[in-house]
Amino acid sequence: MNMTMKNIIRQYILENFLFTEDESALQYSDSFLDTGIIDSTGVLEIILFIEETFDIKVDDNEMLPSNLDSVDNLTEFVQRKQAQTVAA
Amino acid sequence: MSRLLQDTLLVTAACHPDDTALIAGDVRMSYREVTDYACRLAHALKARGVRRGDRVAIFMDNTWQCALSIYGILLAGGVFVVVNAQTKRDKLAFILRDSDSRVLLSEKNLLRVFGPLVEQMPTLQVLCASESKTLPAGVENLDDALADMPVQPPLQSTISLDLASLIYTSGSTGDPKGVMHTHQSMLFVLQSLVEYLRLEKTDRLLCVLPLAFDYGLYQLLMAVYTGATLVLERTFTYPAQIFNVLENEGVTVFPGVPTIFAMLLAAHERQPLCFAEVKRVTNTAAALPANFNTRLREIFPNADIYRMYGLTECKRVSYLPPEQIQQKPESVGIAIPGTEVMVLDADGQPVKPGEVGTLYVRGSHVMLGYWNQPEKTAHMLKPGSLPGERLLCTHDLFTVDEDGYLYFIGRTDDIIKSRGEKISPLEVETILYGILGIREAAVLGVPDPLLGQAVKAFVSVMEDSTLSEGQIKKLCGDKLEAFMVPKYVTFLPELPKSANGKTDKKALTAMLS
């Protein structure tokens, strides 16, 4: 499950921001800011994508690098959100 | 008294050495610490051969090292050239060569971009901010270079007519041009900005805009000039981070561009935001929709909102005094203090209220010209009424009302403004024509609610080409900053031509509607 989610997220970033299918172009831990992949409007697209794909709702106060700034961070964030939904 | 830009730092540090100059993430620095660092860097640069008037490039993200490097270069007598951290290798190489920079100051994260240039440019010295001590040959660790340097300011021979900075900006003719500003012009406009923004020592100015962009740069310069505090952030990409900083650091001045304000308003509609400590909100780089005036007041209930207009060639042209925002919600106001503006018709005569003309700017803030570009300079700087005087022709169309307030109508060139950044269609087209398989390419700006304008490319491809939209974007992304990469690519069998055989952009525009 985790690997699948991670791969889905990575594939989305690769296709939509790096315009490539070459997986070596993006490591799971690469910071989007440090690597210059994403700008301020790009992050809105990512949020839309994870909301639609994983059926979660991202609050404004969650738009933090610790939640969103790498494939690893995104995956952990989505898992936390899904767990919250299940618990609620 | 400050004659040189760096004097403003020395004066503030002498009067208020322990006041906080800069907050960047976990880093907090007093004016004494900032000055000590800048002086050590100045000595390190001089030890590497930097002399009065030499250009030194800074290729860094919005970090504290970037901010302080500006003063270090000035204290060494150098001319600073800040290059946006998003810049790709070829363009960085162009700027380094065009400016003939003697030293490059950069950081480890950007080694992937500048690394291969180190061998190609053997006379360029490179200092790199890095926690790691292992750096490639030809790249020195910045901290090591500063370690034994003295903290006293070096002797200065610079005078106020010398260049302080080159600010590279996109033009309709393709390659970026270095706008030359002297110490005199920068200090002059700095005082004018501080006056009309009514900045005080107790202010805390947020800077989420790149320091490579003059709007971001002047937040730093204004903070140092007034002895205020700069709250430096890398980006607005993660808004919640900025919301936290606004509250936790007591930010009082919020400078933004329409894209940032659109994101703020969108967030506000989902969950109400309120930053009561912010006293001033400023907008420039692109026109702020008039309905933002009142909506922004919900987020910033105690702030004056400044609508402004400017161009790098004179830093800032006009501002709407915030008291006038109800009466003149669409206007970008009047000339900034100490300067003059004129809207002239084709014969050089002032237009009547309501008539459209070209905006000219007169004042000590006007640039000296473009670096090594006399023809492009002559296009922008026109003879004034006094001997030797030069007016700045903005080539932008304006009207004035009965009270002399300015209204922006449009541009006369085909520059695209996206997210407040200027994009040259020619620069994007040049990259498209470099892609194997593309036969013809044309680039336009199309309206976009968030970006202002989005970049749209029309291409026709060779018969055997298998290029996809994604591949074209990828190949553009390898060469262009992210904001320049076409958001849309439309394939056509061939592009429409005008009678003289040139691509007919009007016909392309008509296809959009």
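Predicted model: local features only at pLDDT ≥ 70, side-chain atom pairs only at ≥ 80, totals over all residues.
Q: Okay, over to chain B. Which residues of helix α1 are buried?
A: Helix α1 of chain B covers residues 5-15, and its buried residues are B:L5, B:Q6, B:T8, B:L9, B:L10, B:T12 and B:A13.

Q: Left-handed or right-handed crossing?
A: α1(B) passes α2(B) in a left-handed crossing.

Q: Which residues make the contact?
A: From α1(B) there are B:L9, B:L10, B:T12 and B:A13, and from α2(B) there are B:Y31, B:R32, B:V34, B:T35 and B:A38. By class, this contact has six nonpolar, two polar and one charged residues.

Q: What about α10 and α11 of chain B, how do they pack?
A: Helix α10 (residues 258-270) and helix α11 (residues 290-299) of chain B pack at an angle of about 60°, with their axes 10 Å apart. They are therefore oblique to each other. α10(B) passes α11(B) in a left-handed crossing.

Q: Which residues make that contact?
A: α10(B) brings B:F261, B:L264, B:L265 and B:H268, while α11(B) brings B:F292, B:R295, B:L296, B:E298 and B:I299. The classes here are six nonpolar, one polar and two charged.

Q: Switching to strands. Why is β5(B) described as largely enclosed by the rest of the structure?
A: Strand β5 of chain B runs over residues 103-107, and five of the five are buried, so the strand is largely enclosed by the rest of the structure.

Q: Which way do the residues of β5(B) point?
A: B:V103, B:L105 and B:E107 point one way, and B:L104 and B:S106 the other way. The residues on both sides are all buried.

Q: Which strand is joined to β5(B) by four bridges?
A: That is strand β3 (residues 55-59) of chain B, and the two run parallel. B:V56 stands opposite B:V103 in β5(B).

Q: And which one by five bridges?
A: Strand β6 (residues 125-129) of chain B, also parallel to β5(B). There, the bridge partner of B:L105 is B:L127 in β6(B).

Q: Now β21(B). How does it pair with β18(B), parallel or antiparallel?
A: Strand β18 (residues 357-362) and strand β21 (residues 390-400) of chain B pair in the antiparallel sense over four bridges. B:G357 stands opposite B:F398 in β21(B).

Q: How many bridges join β20(B) to β21(B)?
A: Three, and strand β20 (residues 381-383) runs antiparallel to β21(B). B:P383 stands opposite B:R390. Their hairpin has six residues between the strands, and B:G388 there takes a positive phi near 80°.

Q: What about β22(B) and β21(B)?
A: Strand β22 (residues 406-411) of chain B pairs with β21(B) in the antiparallel sense over five bridges. The bridge partner of B:V400 is B:L406 in β22(B). This hairpin has five residues between the strands, with B:G404 at a positive phi near 85°.

Q: Last one, B:Y433. Where does it lie, and why does it count as exposed?
A: B:Y433 lies in helix α13 (residues 425-433) of chain B. It counts as exposed because it has 12 C-beta neighbours inside 10 Å.

Q: Which residues is B:Y433 in contact with, leaving aside neighbours within four places in sequence?
A: B:I438 and B:A441. As for B:V459, it is 26 residues from B:Y433 in sequence and 9.3 Å away in space, C-alpha to C-alpha.

Note on methods. Residues numbered from 1 in each chain as written. Chains lettered and ligands numbered in written order. Buried ≥ 20, exposed ≤ 12 C-beta atoms within 10 Å, placed from the backbone. Contact = placed C-beta atoms within 7 Å. Pairing = 2+ DSSP bridges. Left-handed = near helix turned anticlockwise from the far one by under 90°. Nonpolar A, V, L, I, M, F, W, Y, C, P; charged D, E, K, R; others polar. Axes fitted to C-alpha atoms, helices over the stretch in contact; angles between N-to-C directions. Parallel < 35°, antiparallel > 145°, perpendicular 65-115°, else oblique.
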